[in-house]
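Welcome, and please have your viewer ready.

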Amino acid sequence: MTVSRQRQVSMSPKLGSAEVESFLAAHPEISGVELLVPDGSGIIRGKRLAREALPKLYVDGVRLPGSIFALDCTGADVEEAGLQWADGDADRVCWPVPGTLKPVPWHKRPLGQVLLTMHEEDGRPFFADPRQVLNGVLERYRRDGLTPVVAVELEFYLIDRELTPDGRPRPPVSPVTGLREKATQTYGMARLSEFDEFFAAVETAAATQGIPAEAAVSEAAPAQYEINLKHVPDALVAADHGVLLKRLVKGVAANVGFDATFMAKPFADQPGNGLHIHFSLLDQAGNNVFDDGTQQGSDTLRHAIGGLVETMAESMAILAPNANSYRRFQVGSYAPTAAVWAYNNRTTALRIPSGGGLARRIEHRVGGADANIYLAVAAVLAGAHYGIVNRIDPGQPITGNAYSQVDSTLPTTWHEALRAFDNAEILPDYLGADFCRVYSKCRWSERRTFHSVVSNLEYEWYLRTV
């Protein structure tokens, strides 16, 4: 496929020109645009482009090195991943994602933003781009005449911009009471009202950027919240929404005097931040194939669950990508520790929420809010597809408290999860063996760097005692 042909596939020049012209006409105040490329860790990379250069982006794309997908979370190159010196740190071409050219309301200087996705010079999707990895999984569903309908829920903490003297985060001071947040008020409306300036700004920014944020709730820790996104019949768009929402929440928080963190476990004595993925499947007639009119749901639903159960262990390195991720997985913490499922039960990894018809869906509750959303959705949809194609029996659903009935069976350390990922038999076929190799090299390298640092706790425990 030639580059011009790929441009017609990913962004028609005519449509791209119309999108740019409409955007620039509607926003004469904007002086530049941020080009956003989420890397393997979900961290946004890219560059800023002057306003006058924006039309050229939609004609020629922009070239960036493929090695941005072979970085650890600190931004350091992982040479053994093979995307840096092995090919001369070669550039690839990035194209705008249609519909993501939007203003950025929280910036002091008027700017826009647009998501990019990477291709080879001949137009082929770049194998290490997480968005392209998800698109590859979705191609399986397209061939089978199925459309995943997906939404993500993201938990996060608002924290004080000033850390404690020993560098730890702390809850913010309430703008209403002047007191530092201490109470746990799950679903508490007063907690939302106290930070109304923040949530009003999030609502406005989400509307401006076309991000369908449906609801915000107070979670089970001081200044912990969850924002729910609306289901959409395009998993790529749903993942785009999640990626852009994280950026939005952080930007708005900083603008009103706080920080926001999606770190999996910022406080040892409080719940972690989860990424919950909801999805159903539509056939070509628009019917939800998970629903058959019964309370239990269809055989297809059960087979999808069976595949998710079977692939959960080998998916853990994606759903929990770093050292801190594994601190979430504690009994009774709402972070699942076993690959089990249930109806309307939040103690299990896979939950079938109440409601039938188009609302019949699976909620995957394992991932942390620190995960790369494209990769997390890709791993979940890969597992479900594998189960459907192979008609895998998930076993019986759990009734009651899963923590008290089932031992921890998932890899709950980084080392175990990476070993399970490296030994995976199913995911490489869906995500691509080359991608899995690059991802593994990056995470192992990050783990080695992390464990090479001597922590303050080690000095406190061992310096004068052993």
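A residue is called buried here under 20% relative accessible area, exposed over 50%, and partly exposed in between, using a 1.4 Å probe and protein chains only. This is a predicted model, in which local features need pLDDT of at least 70 and side-chain atom pairs count only at pLDDT 80 or more, while totals for chains, interfaces and linings use all residues. Residues are numbered from 1 along each chain as its sequence is written, and side-chain values use heavy atoms, with hydrogens and water left out.

**Stop 1: helix α11**

Select residues 414–422, which form helix α11. Helices (H or I, at least four residues) and strands (E, at least two) are DSSP runs numbered from the N terminus. Which residues of α11 are buried? They are W414, A417, L418, A420 and F421. Because these residues cover an arc of only 160 degrees around the axis, they lie on the same side of α11; the arc is that of the directions from the helix axis to the C-beta atoms. Now show what covers them: the cover includes α8, α12 (427–431) and α13 (433–451).

**Stop 2: α8 against α11**

α8 and α11 pack at an angle of about 120 degrees, with their axes 7 Å apart. Axes are lines fitted to C-alpha atoms, for helices over the stretch in contact, and angles run from 0 to 180 degrees between N-to-C directions. The angle makes α8 oblique to α11; under 35 degrees counts as roughly parallel, over 145 as roughly antiparallel, 65 to 115 as roughly perpendicular and the rest as oblique. To see the contact (heavy atoms within 4.5 Å), pick A313, E314, M316, A317 and I318 of α8 together with A417, L418, A420 and F421 of α11. By class, this contact has eight nonpolar, no polar and one charged residues. Ala, Val, Leu, Ile, Met, Phe, Trp, Tyr, Cys and Pro count as nonpolar, Asp, Glu, Lys and Arg as charged, and the others, Gly among them, as polar.

**Stop 3: α8 against α9**

The contact includes G307, L308 and T311 of α8 and A379, V380 and G383 of α9. It is made up of 11 nonpolar, seven polar and one charged residues.

**Stop 4: I305**

Stay on α8 and centre on I305. I305 is buried, at a relative accessible area of 0%. Leaving aside neighbours within four places in sequence, I305 touches W341, L350, I352, I362 and P394.

**Stop 5: two loop residues**

Most residues other than glycine have a negative phi. Go to D89, in the loop between β3 (62–65) and β4 (91–96), where phi is positive at about 50 degrees. D89 is partly exposed at 27% relative accessible area. Then jump to N344, in the loop between β12 (341–343) and β13 (350–352). Phi of N344 is positive too, near 50 degrees, and this residue is partly exposed at 46%.
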